[in-house]
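Thanks for making time for this today. I would like to walk you through one structure slowly, beginning with the chain as a whole and then turning to a few details.

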Amino acid sequence: MDPILRRFVDAADEAEAARELDDLIAQQALPLARAIVARKLSSYGGGGGHPDVQDRDDVIGEAMVVLIERLHRMRQTPDEGAIEQFENYAAAVIHSACAHHIRRRHPERARLKDRLRYVFSTDRRLALWSTNQTLVCGLSEWRGRAPEPDAGQALRRSADRDEQQWASLDRSGLARAVIELAFASGGPTEFEAFVAAAAAHIAEPKEVVEVVPSPSREPPQDLVIEHRHFLEHVWAEIRALPVRQRIALLLNLRDANGAGILWLLPIAGIASIRQIARVLEIEESEFARLWLEMPLDDTAIGGRLGCTRQQVINLRLSARKRLFNRVEQLLTSAFERQQGRANLAPVSASLKGSV
Amino acid sequence: MSTHLSDLELRRFAAGSLAADDLLRADDHLSECRDCRQRATVLTGAAATVDAFHAHLSVPATHLSEEELQLFVQGRLVGLQLDAATSHVNDCATCAQSVDDLRSWSGSPPRSRIRPIAIAAAVLIALLIPAAVWLAQITRHDVAPSLAGFDALAPAEQSQVRAALDAGAATLPSFMSEIAASREVLMGSRTTALDTFALTAPVGTATLSDRPVFEWQPLPGALDYVVSIFDERSNVIARSDAVMQARWTPSTPIPRGQTYVWQVAARRGSEFVTAPAAPAPLAKFHILDAHSADVVRQMEAQHPGSHVVLGILSMQAGLRDDAARHFRLVPPTDQGAEVAQRSLERLQALEHRQ
């Protein structure tokens, strides 16, 4: 086990463990996450080469939840696959979160990036290598060299003049286009810069929907019943959580695109907005105003709760852990019930599969 | 009951764009009106949103990184990494779509679709195999080991080397279990064990060259030898003319990336003695695929002293002798000395089992 984790794992009680965890996250994981996410998302989202702040926070938050959950599990069962190098482990989790975010939010560009990486990795005329923790690409004879600023500028100029539809090229066509652009750049460039240049003409849809079946008509009745059953149980479990966990969970509730999804409860007839406000111990009119801003980011929630962003993440993780266990039991029983039916509802099935 | 809500109001309700007063008014109506709720369910795609609701309540999955996606599509993940990635891809529509797209575009074989049959098993695997076991062994992205030659490697190869360092020893490729342990019936004519001779190289290993040198022990009294190479379907891939020496090099390359069986027929007077003879195992070898061969060759040419990296790459490619040679040359003070030693022990254990 990485010695840096020892104080957290050996903490005498939960309060001490929480303090150690806060330190680990704040001093080790978050700086690493900020650096990686800023670099990975630097050519996506907001203008001026800066990633959209909310996107960045979402990715970091998602990675931190995974990390915290893993660290909690390691404290409970230290023998179960100890983390040998926390920094490496955290980096892997953060990269995973970045990759998934880009696939969901920028699918066309992610697709082109995968293809470019494939070509650079498999075509013997090309190469992909790392220097100073930066992924660099170019012709194979350039392997090992640092990215060259002049080459980066030449790359952008060439890409500006280029009118090819890179996303529609087949494997050999893309390889040819890549070699031509690499030649034109005259030296190694950062891989992210190469992708940005090649993807310059790609227009992403404004909203990218998670890959799930999208109903265009009234859902079947048995599906409605299943969903209602599921949501009723979840709502009952949420009401049983400590109020700070409820707030950390519900005020941040969002879908893959970052859009709020708390509206599902009143529309499904599970809980009205007034009832949700009471459960969150927020005055109804204030909650109605808050509704316009939802989902809130963790800093805003922390401001309401008088705690740090990290403590909000911890609160939500605690809520998720409890709900996850209970929801899993619920889905297992629902899945077993459905086994007897000939026409399984697809969304219910995917619900089970997505646990 | 108040007036029913319009479609626009229902959509704005879900979009969170109603002013506070209108929101509470709509909320009051919805809580009483089943018709409006049903209409809103259809208008807003609420059924699909239940999935998002559920996903938010779960601990997020650890998805495939860009590098892992490449390794997965190129068939270069093995063991636990492969199991975990396969399980995840069968469970995550977004990652699965990326895998399918890259596979269909690159011409790689499609992933097997096991969701309809084994969804419950996939869920179980996802729960039982801790993500950490996977993550502790997969790619290390940002912290490069200070091994000579490491930086010169492509990310995919860096990932392989990191995996070996994390695991404490390099692993052999999956085809090795087949070529190193086969005890099938000998093809061709049968002789008694005392009446045969041994094939020495290449046996139970991969070869860097696609024209490897075949060597065997001379058989006393033999006039000449004929070497035959078969593919896994017993098709003859190459056959030598009668050669006098106990070695032969094919004149044309043998296709890469495949496993082969070879045998030698020695002519002694009017009889032929074939080796290997049953019950000895078939003599199998594997010609390394072009990419892996290029990687090893480039590393050997540019960083001949990078014995840890070369040893790991060679072992993961199935080049047993080369791997052992490199590991033996690692100084005991080297950062990778322990990994080299444990890898060497694995290779030696394999020798002893054979």
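Let me start with the surface: chain B exposes about 15,500 Å², and carbon and sulfur atoms supply 54% of that area. Please keep in mind throughout that what you see is a predicted model. Chain B has 354 residues, of which 53% count as buried, and its secondary structure comprises 15 helices and nine strands. If we take the contacts in chain B with a separation of 6 or more, 68% of them come from residues 24 or more positions apart.

Now to the strands. In chain B, three of them form an open sheet in the order β1-β3-β6, with antiparallel pairing. The edges are held by β1 (199-201) and β6 (247-248) of chain B, and because each has a single partner strand, one side of each is left without a neighbour in the sheet. Strand β3 of chain B, residues 214-216, pairs with β6(B) over two bridges in the antiparallel sense, and B:F214 has B:W248, in β6(B), as its bridge partner.

Finally, the cysteines. How many disulfides does the structure hold over all chains? The count is zero. B:C33 is in no disulfide, although the sulfur of B:C36, the nearest cysteine sulfur, is 3.7 Å away. A disulfide requires the two sulfur atoms to lie within 2.5 Å, so the 3.7 Å between the sulfur of B:C36 and that of B:C33 is too far for a bond.

Methods
Residues numbered from 1 in each chain as written. Chains lettered and ligands numbered in written order. Predicted model: local features only at pLDDT ≥ 70, side-chain atom pairs only at ≥ 80, totals over all residues. Heavy atoms only, no water. Helix = DSSP H or I, 4+ residues; strand = E, 2+ residues; numbered from the N terminus. Buried < 20%, exposed > 50% of the residue type's maximum accessible area, 1.4 Å probe, protein only. Contact = heavy atoms within 4.5 Å. Areas by Shrake-Rupley, 256 points an atom, 1.4 Å probe, with all protein chains shown as cover. Pairing = 2+ DSSP bridges.
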